[in-house]
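Here are my notes on this one, written as numbered points. Have the structure open while you read, and try to find each piece as we go.

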Amino acid sequence: MTLVVEHLDVRYGGVHAVRDLSFTVAPGELVGLIGPNGAGKSSTLHAIMGLAPGTGSVRVDERELLGRRPEEVARSGVALVPEGRRIFAELSVEENLRLGLAARRAHAGVKQVFDGVYEQFPVLHEFRARQAGLLSGGQQQQLAIGRALVAEPEVLLLDEPSLGLAPSVVDVVFAALEAIKERGIAVLLVEQRAQRTVAASDRSHVLGGGELRLTLGPQDAGDTEKLVGAYLS
Amino acid sequence: MTVTWQNLADGLALGAIYALMAVGIGLVFGVLRLVNFAYGQLVMAGAFALALASQWGWPLWTGIVLCFAVVLTLSMLMDRLVFRPLRGQSPAVMLVATFAVAFLLENVALLWFGSLGKIATSVTSLNRPWTLSGVEIRKISIVAVIVAAVCLLLLNQLLTRTEIGLHMRASSLDSVTARMLGVRADRVIGVAVLISGALAAIVAVMLTVQTPLVTPDFALRDTIVVLAGVVVGGLNRPIPATLGGFVIGFATGVLGGALPTNQSQYLPALVFAAVILVLLVRPRGLFDFSRTVERV
């Protein structure tokens, strides 16, 4: 399923957070959204997910998502790995993963889905009975991604998954994104690590002041001047 | 003041009943962040259903079925007509709405049944004593403890072993994230409201055994005491809230029986003085020993 965002506007009272934003993410594509703080990246994800009010159009498989409640969006095959992970600290790792099943449309094959997540993130299998709040930051991030994958989404949104993580853990996260993309999932990645995101993504949209300023390809990752220019434009 | 075995048994029974009320209030608070002040009026409605059933000469079981039907229907109507349209409003708005519902139901009961109320006699046989090791204890004291224990056990199984239980726990911890994961808020809240209503019906049956005279303010005082108990125990967590309800019920039951008749009017003052003292010393709740375990 292709995620199609057209002419998206997000306003919080008098604040115009996203202005006339349009882009697509096809199955098996990894698209980055980068830009300085307040550029409208997270607001875009929140509007897609039904967590923020938006106008324009957000479609998945020709189904309009704008105006739907978050649980309906999740059940339409869109999963969000939120900023700050938002795992349920008091529940066990396995219970957190089971919550991901809430959005899953198929009832069969639960074991295979869990096996797949445990294979991708072995630490989750090792600590499956442990209280999730006791995991390290990197492990919690893996849990948040694993929880989203349990739903078997066709579109995966990630909001700053590398925030606050050690460089070695960031490598694990980006390797996981590559593997997820190869499974045919459309991935939309919001990140602060611009160079890393541009290098890993099929294309990266630079946002500024809520607007799309520039689109970069992986070949631009080494072009520091272009990256800095995009942020300052 | 002399404490007898019967006083202790009464305290345990009232503690058990209050624990069930605390769970009923705590479940709805968990998923809606709403302190349902009208909870006592659900119990009152169930008690009137039992009173009417006994007045009409219905057998006990049909009276209990009617009690459950009335309370569950009212619970669902309360959710559909008041809580759901106001969802997302400030806690103050929601609280005032529950006050309004409480007084509305109380005044409807006043109009229909009058201030003198009705007598529920269908289950008063449980007031007769059993003799255990030479000590006479009313059957209701033992039945209340057993019923409460079974209800709490079943509820614990539901919350820890089922999908809907997991969704209810997640929603009470972080409803936005739970919804974002696909947990259907309406379904979770509906189930919590229904379970809360079922507990109110059970409480109605047990309270009418102890107090067969059902008036429009039936269970109102109990609800206020339980709300205090829930806050004293720890409103944010189900087990401390339940313990808070039990402790305040136990204390009220024991002191109510043990205080001389000419001093029993001081009981509410004593209980609420203790509540204030506890809140001053442990504002987060007497039984809330949780720590923040999240690592960053």
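1. Let's start at one residue. Leaving out residues up to four places away in sequence, B:Ile17 touches B:Ala144, B:Ala148, B:Val203, B:Met206, B:Leu207 and B:Gly249. Touching, or contact, means that the C-beta atoms of two residues, placed from the backbone, lie within 7 Å.

2. A word on the ground rules. This is a predicted model, where local features need pLDDT of at least 70 and side-chain atom pairs count only at pLDDT 80 or more, while totals for chains, interfaces and linings use all residues. Residues are numbered from 1 along each chain as its sequence is written, and chains are lettered from A and ligands numbered from 1 in the order in which they are written.

3. Where does B:Ile17 belong? It is among the residues with the most contacts inside the largest nonpolar core, which has 167 residues; A:Leu157 and B:Val203 are also on that list. The biggest contribution to this core, 18 residues, is made by H1(B). A nonpolar core here is a set of buried Ala, Val, Leu, Ile, Met, Phe, Trp, Tyr and Cys residues joined through C-beta atoms within 7 Å. Buried means 20 or more other C-beta atoms within 10 Å of the residue's own, exposed means 12 or fewer, and partly exposed is in between. Helices (H or I, at least four residues) and strands (E, at least two) are DSSP runs, numbered from the N terminus.

4. Now look at a helix pair in chain B. H5(B) and H8(B) pack at an angle of about 170°, and their axes are 11 Å apart. The two are therefore roughly antiparallel to each other (the cut-offs: under 35 degrees is roughly parallel, over 145 roughly antiparallel, 65 to 115 roughly perpendicular, the rest oblique). Axes are lines fitted to C-alpha atoms, for helices over the stretch in contact, with angles from 0 to 180 degrees between N-to-C directions. On the H5(B) side you'll find B:Ile140, B:Ala144, B:Val147 and B:Cys151, which meet residues of H8(B) including B:Leu199 and B:Met206. By class, this contact has eight nonpolar, one polar and no charged residues.

5. Which helix of chain B gives the largest share of the side that touches chain A? The contact takes 18 residues from chain B and 27 from chain A, and H6(B) gives the largest share of the chain B side, five residues. That side has nine nonpolar, three polar and six charged residues. (Ala, Val, Leu, Ile, Met, Phe, Trp, Tyr, Cys and Pro count as nonpolar, Asp, Glu, Lys and Arg as charged, the others, Gly among them, as polar.) The buried residues of H6(B) include B:Leu166 and B:Arg169, and their cover includes helix H3 (93-99) of chain A.

6. Chain A has an open sheet of six strands in the order S6-S7-S8-S3-S9-S10, with mixed pairing. Strands pair if DSSP finds at least two bridges between them. S6 and S10 of chain A are the edge strands, pairing on one side only. S3(A) and S8(A) run parallel, joined by four bridges, and A:Gly32 has A:Leu189 as its bridge partner in S8(A). Helix H6 (residues 137-150) of chain A lies across S6 and S7 of chain A, at about 175° to S6(A).

7. Finally, chain A has an open sheet of four strands, S2-S1-S4-S5, with antiparallel pairing. S2 and S5 of chain A each have a single partner strand, so one side of each is left without a neighbour in the sheet. Two bridges join S4(A) to S5(A), where A:Val60 partners A:Arg63.
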